[in-house]
Amino acid sequence: MREKILYVLGVAATLLLVRNLYVIFITLPDEQDQGAIYRIMFFHIPAWFVCFTAYFLAGVTSVLYLVKKQFKYDVFSVSAVEVGLAFTLIGLATGSIWARIIWGIWWTWDARLTWAFITCLLYAAYLMMRNMMDDASTRARFAAVVCTFAFTSVAITFKAIEWWRTQHPGPVLSLPGRSAGGTMDPEMEAALRLNYLALFVIAGVLIAVRMNQEKRLREVESLRRQVHAM
Amino acid sequence: MTPAVEVQKAWKYFGDYPALRSISLDVPAGTCLALLGRNGAGKTTLLRILSGLSNPSEGSVRILGHGSRDYQARARTGMIGHGIGIYDELSAAENLRLFARLFHVRDAEQTVQQWLTRVSLDRVQNSVVREFSRGMRQRLALARAFLHGPSLLLLDEPFTSLDDRAIALLQSLLADALKGGATVIMSTHQLREAMELATHVALLDRGKLAHSGERPVQMLADPTWLYRTYGDSQ
Amino acid sequence: MRFLRQTASIAAKDLRSELRTKDSLNAAGSFALVIIVLFSFMLDPTETQTVYELSGGLLWLVFAFAGALILNRSFARELPNDCLDMLVASPVSSSALFLGKATANFTLLLVVELVCLPVFGGMYNLSRWSTHLGPLLGVVVLGTWGVTVIGTMFSAITVNLRLRELMLPILVYPIMIPCLMAAMKLSTVLISGEAITGDDWIWLRLLIGFDIIFTSLSLLTVDFVLVS
């Protein structure tokens, strides 16, 4: 039953994404200053929000794991980090393409970009570390501690535009239309909102699928131990 | 009188695999419990929980009337694990001094000297442990475990890999400790050595407590009696 | 009181066994000197102004690399004979154990740094490096504490992994970045012979802030790492 709901949600979100793609690429006109490239923002901004939300929730569930020692929290945090990392890569790639067109460079060592990159490396290391531990309980404990530390880096990335002068365009929601000094076009805002919805639901479905796998994985591990103990 | 060790419905999971299943065990003060069972039955896991190295996943453990990680419980427990637990780069006296300080032994220096004499390492006390023979290291490890006059001794396979001299020493140390009112819990395969001291036995079988109680008389003549009577006859 | 005594005992134990073999001190010290030599190929050592501008960054790279060697040994030292089990089973609290080991690592790394600093200043002809010696040492102490407190924590985690020598730097450097970044900026200013002014105060605040954050985070979570 749960799996069916997941599939339905996944299909619905994919259909919404297709519909959004049509609107973004066909219906909406070019933006007045940035031209065609502004469309990448419909993916760039939601992708970052998805990954920050995922990392934030992974941080919260890691602390919960340490307090309650229930595997469901560990399962959630590893799934969230994995999906979050995928969206981080989407965010970095789309940002990089946008920067090539608008700034003329693929990358700049700007505070926000740098910290986003560091965060990406950190969570990749977290996943690597998990691979190197055989006992599920130890793995969950250590991973939770690392995830708690890693969250400081997410917090810095988020705060980076306030702490340091940065080239990264500021407060995010007003971005696409603001370059002209006005507010965002309502049509664009609606498209952005719907794409938020699509990406968030897709991420949620991916996390849920990943959680199932992770649970099965632990069951297989323990069955294997049981066989060895016989 | 409160038991030295009270374990109530303790479970320990490694992942989803239960290494200990609902263990309930009271060990009265002043007794010597031999913890028996095959490899992988959970003896080490249980001893690690009693030593405060590990927390039970469910259930509760009281050591000498305190929580298993409390200062009061830890300060009065002595332990011998799989490794000998002494530092190769330090000298014999430095090793003992370190643990005397960590356990807040009064008259630390005097106690250290007494123990060095007792395990016959007083003449080499300033040599680095790395230069010691195996037997000397084992005797030093015994001194480390008994140094602070513990009320509870947790020994994981203490007779395995000891030489004759160390076995005799350990047996006399344990006999003295029991005479002084201490409680001893040891896991062991060397049934003959253990049965001379054990007043109680507990048998673990694949994480479950198959039997616990006073040592049956039959075991003196036939140490494997318990396995055959209560063990899983698969 | 008891806590401090235990912390001191653990730190003294680590320092004593390190001084007996000097394994990690020698390794970290010579590694640091090798990197300082390598820098001379990376930049033109006669262009003193450029060296001044890069000095903080170069120094802290040296310190961080040398630190990883010391930190790798910290808990690996406890592995033979299962000594860590004995410490955890003794009446020492996890946080006292952690602070003791962190203090020992801090002292060792500081010794390496205090050797590297004048060598670096002398070999690259940075005549002004010691004009603000007091504040510079203060920054070195604060930065080193940040590096060692994070490093000790992760040394405790990675000691149980396969490939622990590889995993420690991968995990530890990204987390250390805030401390390293602040220490680099401040050291560059001070080595160039200037005082910390205006805009640079934020870096000092960041450095102290991160020291406090990472120290308390470590003390809060270390029990979960040491007790299974």
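Biologist: Which residues is Ser153(A) in contact with, leaving aside its neighbours within four places in sequence?
Modeller: In this predicted model, Ser153(A) is in contact with Trp115(A), Ile118(A), Thr119(A) and Leu122(A). Each of those pairs has heavy atoms within 4.5 Å, so each counts as a contact. Ser153(A) itself sits in helix 5 of chain A, residues 136-163.

Biologist: How do you know whether Ser153(A) is buried or exposed?
Modeller: Its relative accessible area is 3%. Buried means under 20%, so Ser153(A) is buried.

Biologist: And how far is Ser153(A) from Val81(A), in sequence and in space?
Modeller: They are 72 residues apart in sequence, and 14 Å separates their C-alpha atoms.

Biologist: Let's move to His200(B). What makes you call it buried or exposed?
Modeller: The relative accessible area of His200(B) is 16%. The cut-off for buried is under 20%, so His200(B) goes down as buried. You'll find it in strand 9 of chain B, residues 200-205.

Biologist: What makes the pair His200(B) and Thr199(B) a polar contact?
Modeller: Their side chains are joined at 2.9 Å. The limit is 3.5 Å, and residues adjacent in sequence count only if both atoms are side-chain atoms. This one runs between side chains, so it qualifies.

Biologist: Which residues does His200(B) touch, not counting those up to four places away in sequence?
Modeller: Among them are Pro28(B), Thr31(B), Cys32(B), Leu33(B) and Ala34(B). Gly213(B), Glu214(B) and Arg215(B) are on the list too.

Biologist: On to the cysteines. How many disulfides does a search of the whole structure find?
Modeller: Zero, over all chains.

Biologist: What about Cys179(C): how far is the closest cysteine sulfur?
Modeller: That one is 19 Å away, in Cys147(A), so again too far for a bond. With a relative accessible area of 0%, Cys179(C) is buried.

Biologist: Now the voids. How many cavities of 30 Å³ or more are there?
Modeller: Three. The largest cavity holds about 90 Å³ of space. It is lined by 13 residues, and the closest to its centre are Thr77(B), Gly78(B), Met79(B), Phe103(B) and Arg144(B). Strand 6 of chain B gives the most to that lining, with three residues.

Biologist: How does the lining of the largest cavity divide by class?
Modeller: Six nonpolar, five polar and two charged.

Biologist: And what is the volume of the second largest cavity?
Modeller: About 60 Å³. Its lining includes Phe71(A), Asp74(A), Arg130(A) and Glu214(A).

Biologist: What makes up that lining, by class?
Modeller: Four nonpolar, no polar and five charged residues. Asp, Glu, Lys and Arg count as charged, so Asp74(A), Arg130(A), Arg139(A), Glu214(A) and Arg218(A) fall in that class. Helix 3, helix 5 and helix 7 of chain A each supply at least two residues of the lining.

Biologist: Finally, what is the volume of the largest pocket?
Modeller: About 1200 Å³. There are 42 lining residues, and the closest to its centre are Thr138(A), Arg141(A), Phe14(B), Arg48(B) and Ser228(C). By class, the lining comes to 19 nonpolar, ten polar and 13 charged.

Note on methods:
Residues are numbered from 1 along each chain as its sequence is written. Chains are lettered from A and ligands numbered from 1 in the order in which they are written. This is a predicted model: local features need pLDDT of at least 70, side-chain atom pairs count only at pLDDT 80 or more; totals for chains, interfaces and linings use all residues. Side-chain values use heavy atoms; hydrogens and water are left out. A disulfide is a pair of cysteine sulfur atoms within 2.5 Å. Buried means under 20% relative accessible area, exposed over 50%, partly exposed in between (1.4 Å probe, protein chains only). Helices (H or I, at least four residues) and strands (E, at least two) are DSSP runs, numbered from the N terminus. On a 1 Å grid over the protein atoms alone, a cavity is a set of points where a 1.4 Å probe fits but cannot get out, and a pocket is an open set with protein on both sides within 12 Å along at least five of seven lines; lining residues have an atom within 4 Å of a point. Grid points are joined across faces, edges and corners, and a volume is the space filled by probe spheres set on the points. A polar contact is a pair of N or O atoms within 3.5 Å; within protein, one must be able to donate a hydrogen and the other to accept it, and residues adjacent in sequence count only if both atoms are side-chain atoms.
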